[in-house]
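Hi,

Here is the structure I promised to pass on. Have a look at it first, then read my notes below.

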Amino acid sequence: MASPDPLDVLIIGAGISGIGAACYLQRDLPGHSYAILEARDASGGTWDLFRYPGVRSDSDLQTFGYEFKPWRDEDSIASAGKILAYLRETMAEHDVERHVRYQSRACGASWSSADACWTVQVEDTVTGQRSSVTARWVFCAGGYYRYDEGFSPRFEGRDRFAGPVIHPQHWPEDLDYAGQRVVVIGSGATAVTLIPALAETAGHVTMLQRTPSYVMPVPRGDKWAVRLRGLVGEDRAHAITRRKNIARQQWVWRFCQRYPKTARRLIRRINVKFLPPGYPVDEHFSPPYGPWDQRLCAAPEGDLFRVIRDGRASVVTAQIANFTERGVLLASGQELEADIIVTATGLNVQAMGGVELTVDGQPVSLPDTVAYKGMMLSDVPNFAYAIGYTNSSWTLKVGLLCEHFCRLLRRMDEVGATTATPVVADPAMPTRPFLDFGAGYIQRAIGALPRQGDRAPWLTSLNYPGDVKLLRHRPVDDPELHLTARPAPAPADAAAHQVVVLWTASISRPARPSSPGRPAALASSWPTPWLAAAPGWRWSTGTLPGSTGSPRRYASSTGSR
Ligand SMILES: Cc1cc2nc3c(=O)[nH]c(=O)nc-3n(C[C@H](O)[C@H](O)[C@H](O)COP(=O)(O)OP(=O)(O)OC[C@H]3O[C@@H](n4cnc5c(N)ncnc54)[C@H](O)[C@@H]3O)c2cc1C
């Protein structure tokens, strides 16, 4: 597909985040050009990839769906099929499809300060051919995990087991499990989703877990939302239900963080009500951490508890010793016999779609960067990413940061800036891991992720009301976000240029030191025409690098000192 080069924005990934980013761009910056690179041959990301029985959301779709597009289905907790249909409908309504380049994996992205532009290396995932795309901005919506391989710990004797060993990320379409004994290893959202669906036709399903998770029964639908639609129409009902659900999510999360013991007791009491009399609740449903220190698993209409009550599924909490020909041998010496083993052991976290970044030839090491407002990286110009919430609907955060991203681009146009670079003002600022979240898949990868600071704007917030203030209402101008204009082309007379630079530098102190290839920015209150006439210098208006003041006129040049 032909497109003007360089594009204004290159989005990586056509999942719920990338499709959303495209819609926000079209709505808020209709004149800007963009394209989406998608490694797969289909849109939808997670909701197209996962095909295991019962795959569904565990958030309500009023908050997991977009703010700008009402969720119309009766189910609030929705199947992957329904979510995918919603995403494809959104693409059709906003004419996003023609911007997507399928089977195109972004492998690397190199920023050139001289050109104020990214060059993104793209691999055709069918032919292996390489090409490149240039763009002023890269917006990475590549999700947070590897698509080619789920996480599977090494189980001793795996090859000895005679039946299939399946990871839910690669579910075989033709797997016949009717009447079979299935052991599902894992206790996270995937296992909790999969087990009731398998139990419909399997002979018996055993959930084999090392550590229990919190599981809460939730209603599948939202009768209130459906009734409201009839009263006030779809758009208003969506907005009101969304607010209600955001408030509820926030309330539940805060309550669990503030009163973990009470929350734990309440969850236990509900579990007891849903499980058969005398069931060992503490052994199988009492995790060693507090509620919402990791994501709480949802059981729509208590489906997991129902299949346990009916005897179609059971839970075993134990250590695995090894696989055998017949199933799984536990450390206790007990053997669980199985025809099929499912390893619902999680995901392999991958940051930034696995794209290798370089800035002016220097590779970017993610752990050496600090996340700015949870959407950009320190010292990486014109690069934004979509990482959502882990404690409520992912997309609530992604929607806010897409809005902020569009405001930033508009602001840059207003002040004539071509480059936005977050720069930590205090080099001694302490940093800590990117996410304060205990889930195993995050902890396994935390060392390879960016860091966060100890103060705004360097925090990765999990607080929706706080993010509404920061990302929606506060100005995009920030002393630690350096907006600069594109360096002017090299002057014909290099000697004359050098004279101008030396001369100005001796009169006015630079706002920050220049480095090779980076624009030097000078605060100046002296007569504009002098500099405007000087070769290699250009005047812009914006917030001066390193200053806390309101936007000012400044001159910039690539001149070296
Ligand atoms: C089974 C499952 C259920 C979940 N349920 C919920 C839920 O109920 N609520 C919730 O809040 N969160 C949930 N999540 C977490 C998260 O919200 C979802 O994964 C969400 O769909 C992420 O959307 P995304 O668009 O950011 O990423 P993805 O859905 O992962 O999409 C990323 C897209 O980018 C493409 N891509 C990646 N790298 C590249 C590259 N280098 N070049 C080109 N293309 C690339 C991928 O092919 C993919 O299409 C769930 C996650 C899983 C796995």
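**What I found**

Strand β9 (residues 204–209) runs parallel to β12, and the two pair over five bridges. Within that pairing, T206 sits opposite S314 of β12. Helices (H or I, at least four residues) and strands (E, at least two) are DSSP runs numbered from the N terminus, and two strands count as paired if DSSP finds at least two bridges between them. Before going on, note that this is a predicted model, where local features need pLDDT of at least 70, side-chain atom pairs count only at pLDDT 80 or more, and totals for chains, interfaces and linings use all residues. Residues are numbered from 1 along each chain as its sequence is written, and side-chain values use heavy atoms, with hydrogens and water left out.

Both strands belong to an open, parallel sheet of five, ordered β7-β16-β8-β9-β12. Its edges are β7 (165–166) and β12 (313–317), each of which pairs on one side only.

Now the ligand. How many residues surround the ligand? There are 33, and the closest are S17, E38, D58, S59 and Y147; to be counted, a residue needs a heavy atom within 4 Å. By class, this shell has 15 nonpolar, 13 polar and five charged residues. Nonpolar here covers Ala, Val, Leu, Ile, Met, Phe, Trp, Tyr, Cys and Pro, charged covers Asp, Glu, Lys and Arg, and the others, Gly among them, are polar. Strand β4 gives the largest share of the shell, three residues.

Next, helix α11 (residues 394–415): 18 of its 22 residues are buried (under 20% relative accessible area), so α11 is largely enclosed by the rest of the structure. G416 follows α11 and has a positive phi, near 75 degrees.

Most residues other than glycine have a negative phi, and most peptide bonds are trans. D95, not a glycine, has a positive phi of about 55 degrees, and D95 lies in the loop between α4 (80–93) and β3 (100–101). A cis peptide bond, with omega about 0 degrees, joins A456 and P457.

Cheers

Note on methods:
Buried < 20%, exposed > 50% of the residue type's maximum accessible area, 1.4 Å probe, protein only.
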